[in-house]
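Look at the structure first, then read on.

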Amino acid sequence: MKEVKDYIKSIPDFPKPGVIFRDVTSVLDDPEGLRASVDGLVGLLDGVEYDVIAGVESRGFIFGTPIAYKMGKAFIPIRKKGKLPRETVEASYELEYGTATIEIHKDAVLPGQKVVIIDDLIATGGTIEAAAQLIERLGGEVVKAIFLIELTDLGGRKRLENYDVASVVQFEGE
């Protein structure tokens, strides 16, 4: 039986020389890879009490929705600015070459709700830090942040040291 790591393709020198791109989409095009990934993420939630799952656009949707369904929880989308139809709150964060802004519906998280954040990958942690700030601004409590892949050398876990962070697969390097 293959491990989740076996389904992740490593692409050298993408998007620039010296970087090894960890292609999470390669787990999606194999039914067993997708099953192993979702099951691995669900396993990270053992013993965690939570009310809802929030996923960050777009790959957080891919993994978060089946987990929410499987666990009988609601799913909250956190999207890029301008994509949600109702009143939102937003948070901006730094990217390598600028900034990005994400939003959540203002009524998506109720005060006191316990929230798990899901995304495909943690690198520097900026996106998830911004997502956690949105949830907390609405009165929610981030009880865990889970990822399929963690790039350990990029400092995301350190940046999110105030949160319970877990990943299915870890890789060193960029």
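Q: Where does glutamate 172 lie?
A: This is a predicted model, so each value is computed from that prediction. Follow the chain past β9. Glutamate 172 lies in the segment after β9.

Q: Is glutamate 172 buried or exposed?
A: A residue counts as exposed over 50% relative accessible area. Glutamate 172 has 64% relative accessibility. Therefore glutamate 172 counts as exposed.

Q: How many Å apart in space are glutamate 172 and threonine 152, C-alpha to C-alpha?
A: In sequence these two are 20 residues apart. Glutamate 172 touches Thr152, and also Arg22 and Asp153, leaving out residues up to four places away in sequence. C-alpha to C-alpha, glutamate 172 and threonine 152 are 5.3 Å apart.

Q: Which span should the 13 residues of helix α3 have at 1.5 Å a residue?
A: Helix α3 covers residues 31–43. The expected span is 1.5 Å times one less than the number of residues.

Q: On which side of α3 do the buried residues sit, and what arc do they cover?
A: The buried residues of α3 are Gly33, Ser37, Val38, Leu41 and Val42. They are on the same side of α3, because around the axis they cover an arc of only 170°.

Q: What covers the buried residues of α3?
A: The cover includes helices and strands. Among the helices are α1 (4–7), α2 (25–28) and α4 (59–71). Among the strands are β8 (141–151) and β9 (165–171).

Q: Which residue caps the N-terminal end of α3?
A: Look for a side-chain oxygen 2.8 Å from the backbone nitrogen of glutamate 32. That oxygen belongs to aspartate 30.

Q: Which strand gives the largest share of the lining of the largest pocket?
A: About 1,200 Å³ of space lies in this pocket. Its lining has 35 residues, and Leu95, Leu121, Ala123, Thr124 and Leu151 lie nearest the centre. Several elements supply at least two residues each, including β2 (20–23), α5 and β8. The largest share, four residues, comes from β7.

Q: Is glutamine 113 buried or exposed?
A: Glutamine 113 lies in the loop between β6 and β7. Buried means under 20% relative accessible area. At 16% relative accessibility, glutamine 113 therefore counts as buried.

Q: Which residue has its backbone nitrogen 2.9 Å from a polar atom of the side chain of glutamine 113?
A: Start with the contacts beyond four places in sequence: glutamine 113 meets Asp51, Val52, Ala108, Gly139, Gly140 and Glu141. The backbone nitrogen in question lies 2.9 Å from a polar side-chain atom of glutamine 113. That nitrogen belongs to leucine 110.

Q: What is omega for the bond that joins phenylalanine 14 and proline 15?
A: Most peptide bonds are trans. Phenylalanine 14 and proline 15 are joined by a cis bond. Proline 15 has its place in the loop between β1 (9–12) and β2. Omega for the bond from phenylalanine 14 to proline 15 is about 5°.

Q: What phi does aspartate 13 have?
A: Most residues other than glycine have a negative phi. Aspartate 13 is in the loop between β1 and β2, and counts as exposed at 51% relative accessibility. Although aspartate 13 is not a glycine, its phi is positive, at about 60°.

Technical notes
Residues are numbered from 1 along each chain as its sequence is written. This is a predicted model: local features need pLDDT of at least 70, side-chain atom pairs count only at pLDDT 80 or more; totals for chains, interfaces and linings use all residues. Side-chain values use heavy atoms; hydrogens and water are left out. Buried means under 20% relative accessible area, exposed over 50%, partly exposed in between (1.4 Å probe, protein chains only). The arc is that of the directions from the helix axis to the C-beta atoms. Contact means heavy atoms within 4.5 Å. A polar contact is a pair of N or O atoms within 3.5 Å; within protein, one must be able to donate a hydrogen and the other to accept it, and residues adjacent in sequence count only if both atoms are side-chain atoms. On a 1 Å grid over the protein atoms alone, a cavity is a set of points where a 1.4 Å probe fits but cannot get out, and a pocket is an open set with protein on both sides within 12 Å along at least five of seven lines; lining residues have an atom within 4 Å of a point. Grid points are joined across faces, edges and corners, and a volume is the space filled by probe spheres set on the points.
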